[in-house]
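Hi,

Here is the structure I said I'd pass on. Have a look at it, and then read on for what turned up.

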Amino acid sequence: MKKVNKLSELAATAISGNDISSSVLYVSALSIAFAGQYAWITLLIVSFVLFLFRKIYGEVVGALPLNGGAYNALLNTTSKRTASFAATLTLLSYMATAVISANEAIHYLHHIVPPMPIIISTIALLSVFAFLVIGGISESAKVAIGIFIFHLGSLVILVGFIVFYLFQNGIETFIQNWEWPLEHGSITNAIFLGFSASMLGVSGFESSANFVEEQKKGVFPKTLKNMWIIVSVINPLMAVFALALFALPVLQSPDYQNTLLIEMGSHVGGEWIADLIAVDAFLVLSGAVLTSFVGVTGLLERLALDRIMPPFFLKKNKKGSSYRIIIMFLILSISVLVFTKGEVQLLAGVYTISFLSVMALFGIGNILLKVKRSELPRPERASWLGVLVAIAAVIIALIGNISIPPKDNSPSNVSVFLYYFIPTILFVMAMLNRTLLLKFVLISIDYLFSPIRKFVISSDRKIRDVINKINDQEFVFFTRGDNIASLNKVMLYVGKNEHTKRIKIVTVLGKGQKSPPNLEMEIDFLDREYPEINIDFVKIEGEFTPKLIQELSKKWNVPVNFMFIGSPGDKFPYRIEELGGVRLII
(Lines give C-alpha, C1' and ligand atoms only; values in the text may rest on other atoms or scores of the structure.)
Protein backbone atom coordinates (compact mmCIF):
# COMPACT_ATOMS: atom_id res chain seq x y z
CA MET A 1 0.00 0.00 0.00
CA LYS A 2 1.40 3.41 -0.99
CA LYS A 3 2.32 5.56 1.99
CA VAL A 4 0.54 8.93 2.02
CA ASN A 5 2.18 11.94 3.64
CA LYS A 6 -0.32 13.45 6.06
CA LEU A 7 -0.50 17.18 6.78
CA SER A 8 1.10 18.58 9.92
CA GLU A 9 -0.54 21.16 12.20
CA LEU A 10 1.22 24.06 10.46
CA ALA A 11 0.40 22.82 6.96
CA ALA A 12 -3.28 22.12 7.69
CA THR A 13 -3.66 25.42 9.55
CA ALA A 14 -2.02 27.31 6.68
CA ILE A 15 -4.32 25.80 4.04
CA SER A 16 -7.47 26.75 5.96
CA GLY A 17 -5.95 29.76 7.71
CA ASN A 18 -5.14 31.62 4.50
CA ASP A 19 -8.85 31.73 3.72
CA ILE A 20 -10.08 32.80 7.14
CA SER A 21 -7.19 35.19 7.85
CA SER A 22 -7.69 36.94 4.50
CA SER A 23 -10.93 38.28 5.98
CA VAL A 24 -8.89 40.99 7.77
CA LEU A 25 -8.62 42.70 4.37
CA TYR A 26 -12.34 43.43 4.20
CA VAL A 27 -14.23 42.46 7.35
CA SER A 28 -13.07 45.39 9.52
CA ALA A 29 -14.16 47.90 6.88
CA LEU A 30 -17.40 45.99 6.32
CA SER A 31 -18.27 45.94 10.02
CA ILE A 32 -17.44 49.66 10.37
CA ALA A 33 -19.75 50.43 7.44
CA PHE A 34 -22.71 49.01 9.37
CA ALA A 35 -21.78 49.22 13.07
CA GLY A 36 -19.60 52.34 13.04
CA GLN A 37 -17.65 52.77 16.28
CA TYR A 38 -19.12 49.50 17.62
CA ALA A 39 -17.50 47.42 14.87
CA TRP A 40 -14.86 45.92 17.16
CA ILE A 41 -17.64 44.75 19.50
CA THR A 42 -19.43 42.94 16.67
CA LEU A 43 -16.14 41.26 15.72
CA LEU A 44 -15.67 40.07 19.31
CA ILE A 45 -19.19 38.61 19.21
CA VAL A 46 -18.21 36.78 16.02
CA SER A 47 -15.17 35.45 17.87
CA PHE A 48 -17.45 34.10 20.62
CA VAL A 49 -19.70 32.38 18.05
CA LEU A 50 -16.65 30.85 16.41
CA PHE A 51 -15.51 29.57 19.80
CA LEU A 52 -18.80 27.69 20.10
CA PHE A 53 -18.32 26.23 16.62
CA ARG A 54 -14.90 24.93 17.63
CA LYS A 55 -16.63 22.47 19.93
CA ILE A 56 -19.35 21.69 17.37
CA TYR A 57 -16.87 20.84 14.62
CA GLY A 58 -14.60 19.04 17.06
CA GLU A 59 -17.38 16.72 18.22
CA VAL A 60 -18.73 15.88 14.76
CA VAL A 61 -15.41 15.35 13.03
CA GLY A 62 -13.98 13.57 16.07
CA ALA A 63 -16.83 11.06 15.88
CA LEU A 64 -16.80 10.85 12.06
CA PRO A 65 -13.23 11.58 10.87
CA LEU A 66 -14.08 11.62 7.16
CA ASN A 67 -13.93 14.29 4.46
CA GLY A 68 -17.12 16.09 3.59
CA GLY A 69 -17.81 18.55 6.42
CA ALA A 70 -21.52 19.26 6.82
CA TYR A 71 -22.32 16.68 4.12
CA ASN A 72 -20.63 13.95 6.15
CA ALA A 73 -22.38 15.02 9.35
CA LEU A 74 -25.84 14.89 7.75
CA LEU A 75 -25.11 11.72 5.75
CA ASN A 76 -24.52 9.81 8.97
CA THR A 77 -27.59 11.23 10.72
CA THR A 78 -30.21 11.73 7.99
CA SER A 79 -30.25 10.59 4.35
CA LYS A 80 -28.24 11.10 1.19
CA ARG A 81 -30.81 13.55 -0.18
CA THR A 82 -30.58 15.80 2.87
CA ALA A 83 -26.80 15.52 2.95
CA SER A 84 -26.65 16.37 -0.75
CA PHE A 85 -28.34 19.69 0.02
CA ALA A 86 -25.43 20.57 2.35
CA ALA A 87 -22.93 19.36 -0.26
CA THR A 88 -24.47 21.66 -2.88
CA LEU A 89 -24.22 24.66 -0.56
CA THR A 90 -20.60 23.82 0.25
CA LEU A 91 -19.75 23.47 -3.43
CA LEU A 92 -21.29 26.88 -4.19
CA SER A 93 -19.43 28.42 -1.26
CA TYR A 94 -16.10 27.12 -2.57
CA MET A 95 -16.89 28.28 -6.10
CA ALA A 96 -17.75 31.80 -4.94
CA THR A 97 -14.72 31.92 -2.65
CA ALA A 98 -12.33 30.84 -5.43
CA VAL A 99 -13.64 33.34 -7.99
CA ILE A 100 -14.01 36.29 -5.61
CA SER A 101 -10.65 35.71 -3.91
CA ALA A 102 -8.78 35.33 -7.20
CA ASN A 103 -10.41 38.44 -8.64
CA GLU A 104 -9.74 40.52 -5.51
CA ALA A 105 -6.13 39.27 -5.40
CA ILE A 106 -5.57 40.55 -8.94
CA HIS A 107 -7.18 43.90 -8.03
CA TYR A 108 -4.67 44.30 -5.17
CA LEU A 109 -1.80 43.42 -7.51
CA HIS A 110 -3.27 45.90 -9.97
CA HIS A 111 -2.57 48.55 -7.29
CA ILE A 112 1.15 47.92 -7.94
CA VAL A 113 1.01 46.99 -11.65
CA PRO A 114 -1.78 49.15 -13.17
CA PRO A 115 -1.52 47.87 -16.79
CA MET A 116 -2.40 44.31 -15.71
CA PRO A 117 -5.59 42.94 -17.44
CA ILE A 118 -7.98 41.89 -14.67
CA ILE A 119 -9.98 39.01 -16.19
CA ILE A 120 -7.09 37.33 -18.03
CA SER A 121 -4.88 37.61 -14.93
CA THR A 122 -7.66 36.15 -12.75
CA ILE A 123 -8.00 33.15 -15.08
CA ALA A 124 -4.21 32.70 -14.97
CA LEU A 125 -4.20 32.81 -11.17
CA LEU A 126 -7.00 30.24 -10.91
CA SER A 127 -5.15 27.98 -13.34
CA VAL A 128 -1.84 28.25 -11.46
CA PHE A 129 -3.39 27.09 -8.20
CA ALA A 130 -5.42 24.39 -9.90
CA PHE A 131 -2.27 22.83 -11.34
CA LEU A 132 -0.48 23.34 -8.02
CA VAL A 133 -3.12 21.18 -6.30
CA ILE A 134 -2.89 18.63 -9.12
CA GLY A 135 0.83 18.42 -8.25
CA GLY A 136 -0.05 17.01 -4.83
CA ILE A 137 -1.29 18.24 -1.45
CA SER A 138 2.24 18.22 0.03
CA GLU A 139 3.42 20.69 -2.59
CA SER A 140 0.25 22.77 -2.08
CA ALA A 141 0.88 22.82 1.67
CA LYS A 142 4.41 24.20 1.20
CA VAL A 143 3.06 27.13 -0.81
CA ALA A 144 0.25 27.66 1.72
CA ILE A 145 2.74 27.75 4.60
CA GLY A 146 4.89 30.33 2.82
CA ILE A 147 1.86 32.55 2.15
CA PHE A 148 0.56 32.11 5.70
CA ILE A 149 3.85 33.08 7.36
CA PHE A 150 4.32 36.08 5.04
CA HIS A 151 0.76 37.23 5.79
CA LEU A 152 1.17 37.07 9.57
CA GLY A 153 4.57 38.76 9.31
CA SER A 154 3.11 41.58 7.22
CA LEU A 155 0.34 42.11 9.78
CA VAL A 156 2.88 42.23 12.61
CA ILE A 157 4.87 44.90 10.75
CA LEU A 158 1.70 46.91 10.10
CA VAL A 159 0.64 46.65 13.75
CA GLY A 160 4.09 47.79 14.86
CA PHE A 161 3.91 50.92 12.72
CA ILE A 162 0.34 51.67 13.88
CA VAL A 163 1.27 51.33 17.57
CA PHE A 164 4.29 53.63 17.07
CA TYR A 165 2.12 56.16 15.24
CA LEU A 166 -0.55 56.16 17.96
CA PHE A 167 2.10 56.44 20.65
CA GLN A 168 3.29 59.65 19.00
CA ASN A 169 -0.10 61.10 17.97
CA GLY A 170 -2.52 59.81 20.59
CA ILE A 171 -6.02 58.32 20.25
CA GLU A 172 -8.08 61.50 19.93
CA THR A 173 -9.59 60.26 16.67
CA PHE A 174 -10.88 57.10 18.37
CA ILE A 175 -12.49 59.17 21.14
CA GLN A 176 -14.12 61.49 18.60
CA ASN A 177 -15.42 58.51 16.61
CA TRP A 178 -16.93 57.04 19.77
CA GLU A 179 -19.14 60.14 20.08
CA TRP A 180 -20.15 60.11 16.39
CA PRO A 181 -23.92 59.63 15.74
CA LEU A 182 -24.89 56.24 14.36
CA GLU A 183 -25.88 55.98 10.70
CA HIS A 184 -28.15 52.96 11.19
CA GLY A 185 -30.30 54.17 14.09
CA SER A 186 -30.03 52.48 17.48
CA ILE A 187 -26.98 50.75 18.94
CA THR A 188 -28.85 47.44 18.82
CA ASN A 189 -29.58 47.74 15.11
CA ALA A 190 -26.02 48.84 14.37
CA ILE A 191 -24.58 45.84 16.22
CA PHE A 192 -27.10 43.50 14.53
CA LEU A 193 -26.15 44.67 11.03
CA GLY A 194 -22.46 44.81 11.92
CA PHE A 195 -22.55 41.27 13.32
CA SER A 196 -24.37 39.99 10.23
CA ALA A 197 -21.71 41.48 7.96
CA SER A 198 -18.84 40.44 10.25
CA MET A 199 -19.84 36.76 10.18
CA LEU A 200 -18.44 36.64 6.65
CA GLY A 201 -15.05 36.99 8.29
CA VAL A 202 -15.08 33.36 9.45
CA SER A 203 -15.34 31.89 5.95
CA GLY A 204 -12.72 29.18 5.72
CA PHE A 205 -13.32 27.82 9.22
CA GLU A 206 -15.33 24.96 7.70
CA SER A 207 -12.63 24.09 5.16
CA SER A 208 -10.47 22.00 7.50
CA ALA A 209 -13.35 19.51 7.96
CA ASN A 210 -13.42 18.88 4.21
CA PHE A 211 -9.88 17.48 4.07
CA VAL A 212 -9.56 15.95 7.56
CA GLU A 213 -8.49 12.58 6.11
CA GLU A 214 -5.35 14.24 4.71
CA GLN A 215 -4.34 15.49 8.18
CA LYS A 216 -2.25 13.67 10.78
CA LYS A 217 -4.05 12.25 13.81
CA GLY A 218 -4.96 14.95 16.32
CA VAL A 219 -4.25 17.85 13.95
CA PHE A 220 -7.85 18.81 13.12
CA PRO A 221 -8.86 20.30 16.53
CA LYS A 222 -5.58 22.24 16.58
CA THR A 223 -6.41 23.83 13.23
CA LEU A 224 -9.74 25.01 14.67
CA LYS A 225 -8.03 26.51 17.71
CA ASN A 226 -5.39 28.26 15.62
CA MET A 227 -7.92 29.75 13.21
CA TRP A 228 -10.05 30.94 16.13
CA ILE A 229 -7.08 32.68 17.75
CA ILE A 230 -6.12 34.40 14.49
CA VAL A 231 -9.63 35.72 13.84
CA SER A 232 -10.19 36.72 17.47
CA VAL A 233 -7.02 38.81 17.56
CA ILE A 234 -6.46 40.43 14.18
CA ASN A 235 -10.01 41.34 13.10
CA PRO A 236 -11.15 43.28 16.22
CA LEU A 237 -7.65 44.77 16.59
CA MET A 238 -7.66 46.14 13.04
CA ALA A 239 -11.12 47.63 13.58
CA VAL A 240 -9.90 49.43 16.71
CA PHE A 241 -6.79 50.69 14.90
CA ALA A 242 -8.84 51.92 11.94
CA LEU A 243 -11.14 53.86 14.27
CA ALA A 244 -8.05 55.37 15.95
CA LEU A 245 -6.51 56.49 12.64
CA PHE A 246 -9.41 57.85 10.56
CA ALA A 247 -12.71 59.63 11.14
CA LEU A 248 -15.83 57.53 10.65
CA PRO A 249 -17.05 59.32 7.48
CA VAL A 250 -13.67 58.60 5.89
CA LEU A 251 -13.77 54.93 6.92
CA GLN A 252 -17.27 54.55 5.48
CA SER A 253 -16.32 56.04 2.10
CA PRO A 254 -16.03 53.65 -0.91
CA ASP A 255 -12.25 54.05 -1.31
CA TYR A 256 -11.48 53.07 2.26
CA GLN A 257 -14.04 50.26 2.22
CA ASN A 258 -12.19 48.53 -0.62
CA THR A 259 -8.57 49.00 0.50
CA LEU A 260 -8.68 49.84 4.20
CA LEU A 261 -5.46 48.10 5.23
CA ILE A 262 -3.52 49.70 2.36
CA GLU A 263 -4.78 53.13 3.45
CA MET A 264 -3.80 52.36 7.05
CA GLY A 265 -0.33 51.27 5.97
CA SER A 266 0.16 54.34 3.81
CA HIS A 267 -1.01 56.61 6.65
CA VAL A 268 1.38 55.28 9.29
CA GLY A 269 4.39 54.12 7.25
CA GLY A 270 4.30 55.53 3.76
CA GLU A 271 4.03 53.93 0.34
CA TRP A 272 6.37 51.02 1.00
CA ILE A 273 4.07 49.74 3.78
CA ALA A 274 1.09 50.21 1.45
CA ASP A 275 2.88 48.20 -1.23
CA LEU A 276 3.79 45.50 1.32
CA ILE A 277 0.11 45.16 2.30
CA ALA A 278 -0.92 45.07 -1.36
CA VAL A 279 1.52 42.22 -2.03
CA ASP A 280 0.37 40.46 1.15
CA ALA A 281 -3.28 40.85 0.11
CA PHE A 282 -2.51 39.36 -3.30
CA LEU A 283 -0.74 36.38 -1.73
CA VAL A 284 -3.19 35.59 1.06
CA LEU A 285 -6.21 35.91 -1.26
CA SER A 286 -4.39 33.56 -3.61
CA GLY A 287 -4.03 31.25 -0.61
CA ALA A 288 -7.81 31.37 -0.22
CA VAL A 289 -8.06 30.15 -3.83
CA LEU A 290 -5.80 27.25 -2.87
CA THR A 291 -8.04 26.49 0.12
CA SER A 292 -11.05 26.30 -2.18
CA PHE A 293 -9.38 23.81 -4.51
CA VAL A 294 -8.19 21.59 -1.64
CA GLY A 295 -11.55 21.71 0.15
CA VAL A 296 -13.68 21.02 -2.91
CA THR A 297 -11.44 18.09 -3.85
CA GLY A 298 -12.04 16.41 -0.48
CA LEU A 299 -15.78 17.07 -0.73
CA LEU A 300 -16.26 15.77 -4.28
CA GLU A 301 -14.09 12.71 -3.63
CA ARG A 302 -16.47 11.81 -0.82
CA LEU A 303 -19.50 12.39 -3.04
CA ALA A 304 -17.99 10.13 -5.70
CA LEU A 305 -17.22 7.41 -3.13
CA ASP A 306 -20.85 7.61 -2.02
CA ARG A 307 -22.00 7.26 -5.65
CA ILE A 308 -23.59 10.70 -5.82
CA MET A 309 -20.98 11.89 -8.29
CA PRO A 310 -19.78 9.54 -11.06
CA PRO A 311 -16.76 7.35 -10.21
CA PHE A 312 -15.11 9.04 -13.20
CA PHE A 313 -13.95 11.75 -10.79
CA LEU A 314 -12.04 9.31 -8.54
CA LYS A 315 -9.24 8.82 -11.06
CA LYS A 316 -5.94 9.92 -9.49
CA ASN A 317 -2.55 10.81 -10.92
CA LYS A 318 0.84 9.64 -9.67
CA LYS A 319 0.82 12.33 -6.98
CA GLY A 320 -2.46 10.99 -5.58
CA SER A 321 -4.52 13.99 -6.69
CA SER A 322 -8.02 13.68 -8.12
CA TYR A 323 -7.09 15.78 -11.13
CA ARG A 324 -10.45 15.40 -12.88
CA ILE A 325 -12.24 17.05 -9.96
CA ILE A 326 -9.74 19.91 -9.93
CA ILE A 327 -9.99 20.51 -13.68
CA MET A 328 -13.79 20.43 -13.54
CA PHE A 329 -13.80 22.97 -10.69
CA LEU A 330 -11.34 25.17 -12.58
CA ILE A 331 -13.58 25.16 -15.66
CA LEU A 332 -16.62 25.98 -13.49
CA SER A 333 -14.81 28.89 -11.81
CA ILE A 334 -13.55 30.34 -15.09
CA SER A 335 -17.01 30.06 -16.68
CA VAL A 336 -18.56 31.95 -13.75
CA LEU A 337 -15.89 34.65 -14.02
CA VAL A 338 -16.51 35.06 -17.74
CA PHE A 339 -20.29 34.94 -17.31
CA THR A 340 -20.20 37.78 -14.76
CA LYS A 341 -17.74 39.70 -17.00
CA GLY A 342 -15.45 40.18 -14.04
CA GLU A 343 -18.17 41.78 -11.87
CA VAL A 344 -17.71 39.10 -9.22
CA GLN A 345 -19.42 41.23 -6.56
CA LEU A 346 -22.58 39.68 -7.99
CA LEU A 347 -21.46 36.43 -6.34
CA ALA A 348 -21.62 37.99 -2.88
CA GLY A 349 -25.13 36.62 -2.42
CA VAL A 350 -24.02 33.10 -3.34
CA TYR A 351 -21.02 33.35 -1.02
CA THR A 352 -22.99 34.82 1.88
CA ILE A 353 -26.03 32.56 1.93
CA SER A 354 -24.25 29.31 1.06
CA PHE A 355 -21.47 29.78 3.62
CA LEU A 356 -23.76 30.74 6.50
CA SER A 357 -26.21 27.97 5.58
CA VAL A 358 -23.39 25.40 5.71
CA MET A 359 -22.43 26.62 9.18
CA ALA A 360 -26.03 26.30 10.37
CA LEU A 361 -26.39 22.82 8.85
CA PHE A 362 -23.22 21.68 10.58
CA GLY A 363 -24.73 22.76 13.89
CA ILE A 364 -27.92 20.85 13.05
CA GLY A 365 -25.78 17.84 12.15
CA ASN A 366 -24.21 18.04 15.60
CA ILE A 367 -27.63 17.91 17.25
CA LEU A 368 -28.69 14.92 15.14
CA LEU A 369 -25.41 13.17 15.95
CA LYS A 370 -26.07 13.63 19.67
CA VAL A 371 -29.57 12.18 19.33
CA LYS A 372 -29.13 9.42 16.73
CA ARG A 373 -25.49 8.35 17.08
CA SER A 374 -24.81 8.89 20.76
CA GLU A 375 -22.92 5.57 20.97
CA LEU A 376 -20.12 6.81 18.70
CA PRO A 377 -16.98 7.73 20.68
CA ARG A 378 -15.82 11.32 20.30
CA PRO A 379 -12.87 13.22 21.79
CA GLU A 380 -14.96 16.21 22.87
CA ARG A 381 -18.58 17.24 23.18
CA ALA A 382 -20.30 20.56 22.57
CA SER A 383 -22.91 21.53 25.14
CA TRP A 384 -26.54 21.70 24.08
CA LEU A 385 -26.69 25.37 25.05
CA GLY A 386 -23.57 26.15 23.04
CA VAL A 387 -24.90 24.40 19.94
CA LEU A 388 -28.27 26.13 20.10
CA VAL A 389 -26.70 29.56 20.65
CA ALA A 390 -24.29 29.02 17.75
CA ILE A 391 -27.05 27.96 15.36
CA ALA A 392 -29.23 30.89 16.44
CA ALA A 393 -26.33 33.30 15.88
CA VAL A 394 -25.72 32.01 12.35
CA ILE A 395 -29.42 32.21 11.51
CA ILE A 396 -29.49 35.81 12.78
CA ALA A 397 -26.49 36.62 10.60
CA LEU A 398 -28.18 34.93 7.64
CA ILE A 399 -31.37 36.95 8.16
CA GLY A 400 -29.33 40.13 8.51
CA ASN A 401 -27.47 39.58 5.25
CA ILE A 402 -30.66 38.74 3.38
CA SER A 403 -32.39 41.85 4.72
CA ILE A 404 -29.58 44.23 3.73
CA PRO A 405 -30.88 46.11 0.66
CA PRO A 406 -28.73 45.82 -2.51
CA LYS A 407 -26.79 48.84 -3.76
CA ASP A 408 -27.04 50.58 -7.12
CA ASN A 409 -30.06 48.56 -8.30
CA SER A 410 -28.07 45.33 -8.06
CA PRO A 411 -30.03 42.07 -7.67
CA SER A 412 -30.71 40.91 -4.12
CA ASN A 413 -28.54 38.31 -2.41
CA VAL A 414 -31.38 35.78 -2.47
CA SER A 415 -32.06 36.14 -6.20
CA VAL A 416 -28.38 35.72 -7.12
CA PHE A 417 -28.06 32.75 -4.79
CA LEU A 418 -31.08 31.00 -6.30
CA TYR A 419 -29.74 31.67 -9.80
CA TYR A 420 -26.75 29.44 -9.05
CA PHE A 421 -28.25 27.13 -6.44
CA ILE A 422 -31.22 25.80 -8.45
CA PRO A 423 -29.27 24.37 -11.43
CA THR A 424 -26.60 22.97 -9.10
CA ILE A 425 -29.04 21.16 -6.81
CA LEU A 426 -30.94 19.85 -9.85
CA PHE A 427 -27.70 18.35 -11.19
CA VAL A 428 -26.89 16.75 -7.83
CA MET A 429 -30.41 15.36 -7.48
CA ALA A 430 -30.20 13.98 -11.00
CA MET A 431 -26.96 12.17 -10.14
CA LEU A 432 -28.47 10.87 -6.91
CA ASN A 433 -31.50 9.49 -8.75
CA ARG A 434 -29.78 8.55 -11.98
CA THR A 435 -31.09 4.96 -11.88
CA LEU A 436 -34.68 6.19 -11.87
CA LEU A 437 -33.90 8.71 -14.58
CA LEU A 438 -32.28 6.03 -16.72
CA LYS A 439 -35.38 3.86 -16.32
CA PHE A 440 -37.52 6.80 -17.36
CA VAL A 441 -35.32 7.32 -20.42
CA LEU A 442 -35.65 3.63 -21.21
CA ILE A 443 -39.46 3.75 -21.08
CA SER A 444 -39.51 6.88 -23.23
CA ILE A 445 -37.30 5.33 -25.86
CA ASP A 446 -39.40 2.18 -25.98
CA TYR A 447 -42.56 4.23 -26.41
CA LEU A 448 -41.32 6.78 -28.92
CA PHE A 449 -39.07 4.66 -31.09
CA SER A 450 -40.72 1.24 -31.17
CA PRO A 451 -41.11 1.42 -35.02
CA ILE A 452 -37.35 1.64 -35.35
CA ARG A 453 -36.79 -1.79 -33.92
CA LYS A 454 -33.07 -2.07 -34.31
CA PHE A 455 -32.42 1.24 -32.65
CA VAL A 456 -34.79 0.46 -29.79
CA ILE A 457 -33.23 -2.93 -29.11
CA SER A 458 -29.71 -1.49 -29.14
CA SER A 459 -30.61 1.39 -26.82
CA ASP A 460 -32.55 -0.93 -24.54
CA ARG A 461 -29.61 -3.29 -24.11
CA LYS A 462 -27.09 -0.53 -23.41
CA ILE A 463 -29.20 1.27 -20.85
CA ARG A 464 -30.12 -1.97 -19.07
CA ASP A 465 -26.43 -2.78 -18.86
CA VAL A 466 -25.84 0.55 -17.13
CA ILE A 467 -28.68 -0.05 -14.67
CA ASN A 468 -27.54 -3.61 -13.98
CA LYS A 469 -23.98 -2.42 -13.47
CA ILE A 470 -25.18 0.01 -10.81
CA ASN A 471 -27.50 -2.51 -9.10
CA ASP A 472 -25.02 -5.40 -9.31
CA GLN A 473 -22.35 -3.67 -7.24
CA GLU A 474 -22.12 -6.13 -4.39
CA PHE A 475 -22.16 -4.67 -0.87
CA VAL A 476 -20.04 -6.57 1.68
CA PHE A 477 -20.16 -6.25 5.44
CA PHE A 478 -18.68 -8.13 8.36
CA THR A 479 -20.43 -9.21 11.55
CA ARG A 480 -19.03 -10.68 14.74
CA GLY A 481 -22.36 -11.15 16.44
CA ASP A 482 -25.89 -12.39 15.85
CA ASN A 483 -27.77 -9.31 17.00
CA ILE A 484 -30.87 -9.27 14.80
CA ALA A 485 -31.52 -5.58 15.55
CA SER A 486 -28.07 -4.57 14.29
CA LEU A 487 -28.41 -6.76 11.21
CA ASN A 488 -31.79 -5.25 10.46
CA LYS A 489 -30.33 -1.72 10.75
CA VAL A 490 -27.78 -2.69 8.13
CA MET A 491 -30.49 -3.93 5.78
CA LEU A 492 -32.49 -0.74 6.31
CA TYR A 493 -29.41 1.38 5.58
CA VAL A 494 -28.61 -0.51 2.39
CA GLY A 495 -32.20 -0.40 1.18
CA LYS A 496 -32.44 3.33 1.84
CA ASN A 497 -29.03 4.59 0.71
CA GLU A 498 -27.48 2.09 -1.72
CA HIS A 499 -28.36 1.19 -5.29
CA THR A 500 -27.13 -2.40 -4.95
CA LYS A 501 -29.43 -5.43 -4.63
CA ARG A 502 -26.68 -7.90 -3.72
CA ILE A 503 -25.30 -8.18 -0.20
CA LYS A 504 -22.67 -10.52 1.17
CA ILE A 505 -22.69 -11.10 4.96
CA VAL A 506 -19.28 -12.29 6.16
CA THR A 507 -18.17 -13.57 9.54
CA VAL A 508 -14.48 -14.21 10.22
CA LEU A 509 -13.82 -17.10 12.64
CA GLY A 510 -10.64 -18.09 14.39
CA LYS A 511 -9.32 -21.63 14.13
CA GLY A 512 -11.82 -24.00 15.74
CA GLN A 513 -14.20 -21.17 16.45
CA LYS A 514 -17.91 -21.60 15.70
CA SER A 515 -20.15 -18.95 14.26
CA PRO A 516 -22.74 -17.32 16.54
CA PRO A 517 -25.53 -19.88 17.11
CA ASN A 518 -28.45 -17.81 15.79
CA LEU A 519 -26.67 -16.05 12.93
CA GLU A 520 -27.70 -18.39 10.08
CA MET A 521 -31.30 -18.49 11.25
CA GLU A 522 -31.44 -14.68 11.45
CA ILE A 523 -29.93 -14.26 7.99
CA ASP A 524 -32.49 -16.68 6.61
CA PHE A 525 -35.20 -14.57 8.26
CA LEU A 526 -33.76 -11.37 6.72
CA ASP A 527 -33.60 -13.06 3.31
CA ARG A 528 -37.32 -13.69 3.49
CA GLU A 529 -38.05 -10.25 5.01
CA TYR A 530 -36.22 -8.44 2.19
CA PRO A 531 -36.99 -10.46 -0.95
CA GLU A 532 -35.77 -7.65 -3.22
CA ILE A 533 -32.21 -8.02 -1.87
CA ASN A 534 -30.09 -11.09 -2.62
CA ILE A 535 -28.23 -12.13 0.58
CA ASP A 536 -25.16 -14.39 0.52
CA PHE A 537 -23.74 -15.65 3.85
CA VAL A 538 -20.02 -16.56 3.96
CA LYS A 539 -17.87 -18.01 6.76
CA ILE A 540 -14.11 -17.44 6.59
CA GLU A 541 -11.43 -18.90 8.82
CA GLY A 542 -8.68 -16.44 9.67
CA GLU A 543 -7.96 -13.16 11.42
CA PHE A 544 -9.97 -10.00 10.70
CA THR A 545 -7.37 -7.46 9.47
CA PRO A 546 -7.15 -4.71 6.83
CA LYS A 547 -5.05 -7.12 4.75
CA LEU A 548 -7.88 -9.68 4.80
CA ILE A 549 -10.35 -7.04 3.61
CA GLN A 550 -8.16 -6.11 0.65
CA GLU A 551 -7.58 -9.78 -0.27
CA LEU A 552 -11.29 -10.55 -0.20
CA SER A 553 -12.02 -7.50 -2.35
CA LYS A 554 -9.66 -8.80 -5.04
CA LYS A 555 -10.89 -12.38 -4.71
CA TRP A 556 -14.54 -11.45 -5.06
CA ASN A 557 -13.83 -8.72 -7.62
CA VAL A 558 -16.14 -6.22 -5.91
CA PRO A 559 -15.70 -2.48 -5.22
CA VAL A 560 -13.92 -1.89 -1.93
CA ASN A 561 -16.80 -0.75 0.27
CA PHE A 562 -17.59 -2.57 3.47
CA MET A 563 -19.81 -2.18 6.51
CA PHE A 564 -18.65 -3.38 9.91
CA ILE A 565 -21.11 -4.22 12.70
CA GLY A 566 -20.65 -6.03 15.97
CA SER A 567 -22.25 -6.72 19.29
CA PRO A 568 -23.37 -3.74 21.38
CA GLY A 569 -20.28 -1.95 22.74
CA ASP A 570 -17.90 -3.30 20.07
CA LYS A 571 -15.50 -0.80 18.57
CA PHE A 572 -14.01 -0.98 15.09
CA PRO A 573 -10.52 -2.37 15.74
CA TYR A 574 -8.58 -0.39 13.15
CA ARG A 575 -8.07 3.22 12.23
CA ILE A 576 -9.88 4.15 9.04
CA GLU A 577 -6.66 5.30 7.35
CA GLU A 578 -5.25 1.73 7.69
CA LEU A 579 -7.86 0.47 5.24
CA GLY A 580 -6.56 2.35 2.21
CA GLY A 581 -9.35 3.05 -0.27
CA VAL A 582 -12.07 1.30 1.74
CA ARG A 583 -15.36 3.18 2.10
CA LEU A 584 -16.28 2.21 5.65
CA ILE A 585 -19.64 2.74 7.37
CA ILE A 586 -19.59 1.93 11.08
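What share of the 586 residues of the protein chain counts as buried? The figure is 54%, where buried means under 20% relative accessible area, exposed means over 50%, and partly exposed is in between (1.4 Å probe, protein chains only).

Before the rest, some ground rules. This is a predicted model, so local features need pLDDT of at least 70 and side-chain atom pairs count only at pLDDT 80 or more, while totals for chains, interfaces and linings use all residues. Residues are numbered from 1 along each chain as its sequence is written, and side-chain values use heavy atoms, with hydrogens and water left out.

Overall fold first. The protein chain has 23 helices and five strands (DSSP runs numbered from the N terminus: helices are H or I with at least four residues, strands E with at least two). Its radius of gyration is 27 Å, close to the 25 Å from the globule rule for 586 residues, so the chain is as compact as a globular protein of that length. That radius is taken over C-alpha atoms, and the rule is 2.2 Å times the number of residues to the power 0.38. The C-alpha trace spans about 85 × 60 × 45 Å along its principal axes. Of the contacts with a separation of 6 or more, 81% come from residues 24 or more positions apart (contact: heavy atoms within 4.5 Å).

Now the aromatics. Rings of Phe, Tyr and Trp (its six-membered ring) pair if their centres lie within 6.5 Å; planes under 30 degrees apart are stacked, over 60 edge-to-face, and the rest tilted. That gives 13 aromatic pairs. One of them is tilted: Trp 40 with Trp 178, at 6.3 Å centre to centre and 35° between the planes. Trp 40 is in helix H3 (residues 39-63) and Trp 178 in helix H8 (residues 172-178), so this pair links parts 138 residues apart in sequence. Trp 40 is partly exposed at 25% relative accessible area, and Trp 178 is partly exposed at 32%.

Phe 85 and Phe 421 make an edge-to-face pair, 5.5 Å centre to centre with 80° between the planes. Helix H5 (residues 80-110) carries Phe 85 and helix H18 (residues 413-432) carries Phe 421, so the pair ties together parts 336 residues apart. Phe 85 is partly exposed at 36%, whereas Phe 421 is buried at 10%.

Cheers
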